[in-house]
Amino acid sequence: DEILPKTAVVFVSHSMPMVSRVCSQIILMDKGKSLFQGLDVSKAIDLYYTRFISNETKELFSDGSLELLQSKLLNVSNYYDKLPQINWRDELKLYFKFKVNLKIDIPTFSVIILDKEQRPVALIERNDNLSPLKIKNGILEFTVSHQNVQLSKGIYSVNLVVSKSNGKSPLLRINNILPLQVIHKDEVWQPFLLKSKYSNV
């Protein structure tokens, strides 16, 4: 911190938290070519992480009871290179459609949100026995929402675990169902940016 104001430093790293802290200008390189160069460090960091997004969902386990037909993010504010974006403090609303192959009770759904480093940062509250979900003509179709999302700016992915109604025996597990990006003017590295109010005492 003492050296930086008086010195030109070329800092080469894959550690985006360090790049965000140290750099006032940025060049994003790929195989010796510049993909981005400029003063907008946070934009280059987003581009860096976007390059690692896989569009392939990965089914890790299925007992054949049900299969995911469709999933998507609703009330999207914008798309950036096919990446759905929502604004900080918007409603996070997900849509799921399953084909039910065997006679089962309504299962328990665990929707897990992972950050750009693939660390789990949040779990959307699971459904319970009082939830209104119903299977109609072999199809289970529903939305799940979270009001006022306060995940910090960045790129996230969604994993899904479906279990029997007791929540213990797995029926289906799929990673990377869909990516999403939370938009905010500030780049922070803590997983949550909590809304606050400052008042004089």
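These entries record what I looked up on the aromatic rings of this structure.

**Basis.** I worked from a predicted model, in which local features need pLDDT of at least 70, side-chain atom pairs count only at pLDDT 80 or more, and totals for chains, interfaces and linings use all residues. Residues are numbered from 1 along each chain as its sequence is written, and side-chain values use heavy atoms, with hydrogens and water left out.

**Ring pairs.** I searched the whole structure and found five aromatic pairs (rings of Phe, Tyr and Trp, the last by its six-membered ring, with centres within 6.5 Å; planes under 30 degrees apart are stacked, over 60 edge-to-face, the rest tilted). Phe96 and Phe142 form a tilted pair, with ring centres 5.6 Å apart and planes at 40°. This pair joins strand E7 (residues 92–100) to strand E11 (residues 139–146), across 46 residues (strands are DSSP runs of E, at least two residues, numbered from the N terminus).

I then checked burial (buried is under 20% relative accessible area, exposed over 50%, partly exposed in between, with a 1.4 Å probe and protein chains only). Phe96 is buried at 2%, and Phe142 is buried at 9%.

Phe142 also pairs with Phe98, and this pair is stacked, at 6.2 Å between centres and 15° between planes. Phe98 lies in strand E7 and Phe142 in strand E11, 44 residues apart. I noted that Phe98 and Phe142 are both buried.

**Cluster.** Ring pairs link Phe96, Phe98, Phe109 and Phe142 into a cluster.

**Charge over a ring.** I found Lys72 over the face of Tyr95, at 5.3 Å from the ring centre (the criterion is NZ of Lys or CZ of Arg within 6 Å of the ring centre and within 35 degrees of the ring normal).

Technical notes: Helices (H or I, at least four residues) and strands (E, at least two) are DSSP runs, numbered from the N terminus.
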